[in-house]
Amino acid sequence: MDVVTWARELAAVHLADAVPRRWRHVQAVADQAERASRACGPDADLLVAAALLHDVGYAPPLVSTGVHALDGARYLRSIDVDERLCCLVAHHSAAATDAELAGLAAEIAEFEDEQTPVRDALWWADMTVGPDGEVVAFPDRMAEVRARYGPDHPVSRALDKSMPEREAAVQRTEARLRALDQV
Ligand SMILES: [Fe+2]
């Protein structure tokens with residue numbers, strides 16, 4: 001079985017029935033990742049697989065620390081998933097900031113943030129898809145999250161703190177895709 005099919009099946013087992021709205025979001029993030037995968041060379045399938053599993057930590061039986069990226073990555077590592085995939089999930093969309101604000105800096109540091117085009121593309125895909133799976137512009141997605149939680153919520157504070165890093169990942173990904181269009 002190829003890695004994308006495997007990832008889709010594993011994610012569906014954990015999310016499709018338990019958290020269907022999240023599952024819709026995840027499938028759309030995978031579609032968006034597919035669009036960006038041409039900027040990832042031989043890591044194209046790794047990107048789509050990571051997109052399919054990036055929110056697996058929202059599955060209720062997998063919730064442990066409450067930082068979904070960390071919970072998902074720990075679960076994947078526990079079943080011997082490829083280390084890069086575990087690390088991409090752990091760090092997706094600036095999750096290290098969420099972990100640090102939750103007092104989990106040491107725990108998230110057990111996973112490496114590889115800071116590559118694949119990592120940037122995963123962040124871009126997640127941050128350009130809304131909660132129901134609709135494709136949205138990055139600034140609108142960030143505004144939606146902030147409005148949903150309110151300005152003083154820890155989620156919004158983490159968002160503000162990590163905004164430069166998020167913007168940089170989006171800009172690098174969009175520049176890579178533009179450069180490919182010009183070839
Ligand atoms: Fe997501």
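Predicted model: local features only at pLDDT ≥ 70, side-chain atom pairs only at ≥ 80, totals over all residues.
Colleague: Which residues of H3 and H8 make the contact?

Modeller: H3 contributes Leu 47, Ala 50 and Ala 51, while H8 contributes Val 118, Ala 121 and Leu 122. By class, the contact of H3 with H8 has six nonpolar residues, with no polar and no charged ones.

Colleague: H8 also approaches helix H5 (residues 83-91). At roughly what angle do the axes of H5 and H8 cross?

Modeller: Those axes come within 10 Å and cross at roughly 45°. H5 is therefore oblique to H8, and the crossing of H5 and H8 is right-handed. Arg 84, Leu 88 and His 91 of H5 meet Val 118, Arg 119, Leu 122 and Trp 123 of H8. The residues of this contact divide into four nonpolar, one polar and two charged.

Colleague: How do helix H2 (residues 20-36) and helix H3 (residues 44-53) cross, and within what distance do their axes come?

Modeller: The axes of H2 and H3 come within 8 Å and cross at roughly 165°. That makes H2 roughly antiparallel to H3, and the crossing of H2 and H3 is right-handed. On the H2 side, the contact involves Val 26, Val 29, Ala 30, Ala 33, Glu 34 and Ala 36; these meet Leu 47, Val 48, Ala 51 and Leu 52 in H3. By class, the contact of H2 with H3 has nine nonpolar, no polar and one charged residues.

Colleague: Turning to the metal site, which residues are the protein donors of the iron ion?

Modeller: The donors are His 25 (NE2), His 54 (NE2), Asp 55 (OD) and Asp 126 (OD), lying 2.1 to 2.6 Å from the iron ion. Along the chain, the donors follow the spacing H-x28-H-D-x70-D. His 25 lies in helix H2 and Asp 55 in the loop between H3 and helix H4 (68-78), so this pair ties together parts that are 30 residues apart in sequence.

Colleague: Why is the arrangement of the four donor atoms around the iron ion called irregular?

Modeller: One starts from the ideal case: four tetrahedral donors have ideal angles of 109.5 degrees at a metal. Here the four donor atoms subtend angles of 81 to 174° around the iron ion, which makes the arrangement irregular.

How values were computed:
Residues numbered from 1 in each chain as written. Heavy atoms only, no water. Axes fitted to C-alpha atoms, helices over the stretch in contact; angles between N-to-C directions. Helix = DSSP H or I, 4+ residues; strand = E, 2+ residues; numbered from the N terminus. Parallel < 35°, antiparallel > 145°, perpendicular 65-115°, else oblique. Left-handed = near helix turned anticlockwise from the far one by under 90°. Contact = heavy atoms within 4.5 Å. Nonpolar A, V, L, I, M, F, W, Y, C, P; charged D, E, K, R; others polar. Donors = N, O, S within 2.8 Å, 3.2 Å for Na, K, Ca; no water. Tetrahedral: all angles 85-135°; square planar, octahedral: opposite > 155°, others 65-115°.
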